[in-house]
Amino acid sequence: MQAWQVHENGEPSEVMRLQDVERPTPGEGQVLLRVRAANINFPDVLMCRGHYQVRPPLPFTPGLEICGATEDGRRVIANPALPYGGFAEYAVADAAALLPAPDSLDDAEAAALHIGYQTGWFGLHRRAHLESGETLLVHAAAGGVGSAAVQLGKAAGATVIGVVGGAEKAAVARELGCDVVIDRRAEDVVTAVKAATGGRGADVIYDPVGGEAYTQSAKTVAFEGRIVVVGFASGTIPSPGLNHALVKNYSILGLHWGLYNTKNPKLVQHCHEQLTELAARGAIKPLVSERVPLSEAAAAVQRVGDGATTGRVAVVPNGAAA
């Protein structure tokens with residue numbers, strides 16, 4: 001089969017190599033899956049660079065979430081078991097963790113429903129307890145993680161403010177349903193959020209960016225607000241002033257979704273049922289901006305790493321239905 005492999009750490013476009021390799025052999029409790037579509041996540045970029053919290057042995061195939069087919073033809077969503085990731089024609093995954101792919105979504109959309117939407121659901125509902133009528137601020141609202149949070153926030157009845165970088169991404173955020181869109185390149189985020197909320201600020205802030213975005217969050221969070229920290233796409237991990245959180249009476253919540261797979265896997269299944277129901281009634285639908293063949297995966301992963309994409313980019317192995 002063909003698979004992209006990383007033999008040394010570095011930028012994805014430089015270290016990912018498409019090679020002919022043997023199909024992986026499932027271990028105990030694992031299954032072999034034919035990859036129908038693999039979604040690109042920012043952690044795939046970090047793994048190539050050697051900066052992710054999980055560091056698979058070299059060489060490895062990146063690709064953290066797929067829509068695949070079992071040997072009996074079932075469409076499933078899975079997190080491949082590294083080092084046999086999803087940017088390949090076949091991957092392996094733990095049989096107990098397979099989730100049924102929703103009938104309402106095609107393969108690329110189903111592949112994109114998992115990590116980003118599970119992260120959004122756990123962050124907004126399990127951690128921040130977002131309520132209908134509250135104001136949700138989403139950083140990087142046109143990106144893969146942000147776009148999921150926007151849709152989930154709207155489905156929950158929140159007023160959603162989306163922060164983006166550039167006019168093209170602003171247009172995408174509006175199409176996603178943001179009630180207010182702030183282009184951080186054209187306007188001051190803090191001033192714009194305060195204007196949009198009558199000076200009150202946002203009840204829940206969803207931050208996959210870190211760096212300057214977190215600084216803006218601390219300045220725009222409402223009384224008894226909650227800042228949900230889900231990642232550091234900016235490359236800068238902030239050091240929050242806890243005295244500021246005390247004085248302004250807000251909460252800083254961390255979310256590492258992957259922990260639920262080991263700490264409380266039943267909640268992951270429950271979340272998937274909720275997401276499937278939302279997808280069935282059209283309340284959420286992953287924004288797949290590009291579908292690229294397997295041969296173009298490295299360039300696509302690099303674009304995600306460079307912040308040059310909107311929504312999700314899916315890798316569709318040649319010959320597989322998207």
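This is a predicted model: local features need pLDDT of at least 70, side-chain atom pairs count only at pLDDT 80 or more; totals for chains, interfaces and linings use all residues.
**Helices H4 and H5**

Helix H4 spans residues 115-127 and helix H5 spans residues 144-155. Their axes lie 8 Å apart, and the two helices pack at an angle of about 50 degrees. That angle makes H4 oblique to H5. The crossing of the two helices is right-handed. On the H4 side, the contact is made by Gly116, Tyr117, Gly120, Trp121 and Leu124. H5 contributes Ala148, Ala149, Gln151, Leu152 and Gly153. Sorted by class, the contact of H4 with H5 has six nonpolar residues, four polar residues and no charged residues.

**Buried residues**

| Residue | Relative accessibility | Class |
|---|---|---|
| Cys48 | 0% | buried |
| Cys178 | 9% | buried |
| Val189 | 3% | buried |

Cys48 counts as buried because its relative accessibility of 0% is under the 20% cut-off. With a disulfide taken as a pair of cysteine sulfur atoms within 2.5 Å, the count comes to zero disulfides.

**Val189**

Val189 belongs to helix H7, which covers residues 189-196. At 3% relative accessibility, Val189 counts as buried. Leaving aside neighbours within four places in sequence, Val189 is in contact with Val163, Ile182, Arg184 and Gln216. Gln216 is 27 residues from Val189 along the chain, and the C-alpha atoms of these two residues are separated by 7.0 Å.

Definitions and conventions
Residues are numbered from 1 along each chain as its sequence is written. Side-chain values use heavy atoms; hydrogens and water are left out. Axes are lines fitted to C-alpha atoms, for helices over the stretch in contact, and angles run from 0 to 180 degrees between N-to-C directions. Helices (H or I, at least four residues) and strands (E, at least two) are DSSP runs, numbered from the N terminus. Angles under 35 degrees count as roughly parallel, over 145 as roughly antiparallel, 65 to 115 as roughly perpendicular and the rest as oblique. A crossing is left-handed if the near helix is turned anticlockwise from the far one by less than a right angle, and right-handed if clockwise. Contact means heavy atoms within 4.5 Å. Ala, Val, Leu, Ile, Met, Phe, Trp, Tyr, Cys and Pro count as nonpolar, Asp, Glu, Lys and Arg as charged, and the others, Gly among them, as polar. Buried means under 20% relative accessible area, exposed over 50%, partly exposed in between (1.4 Å probe, protein chains only).
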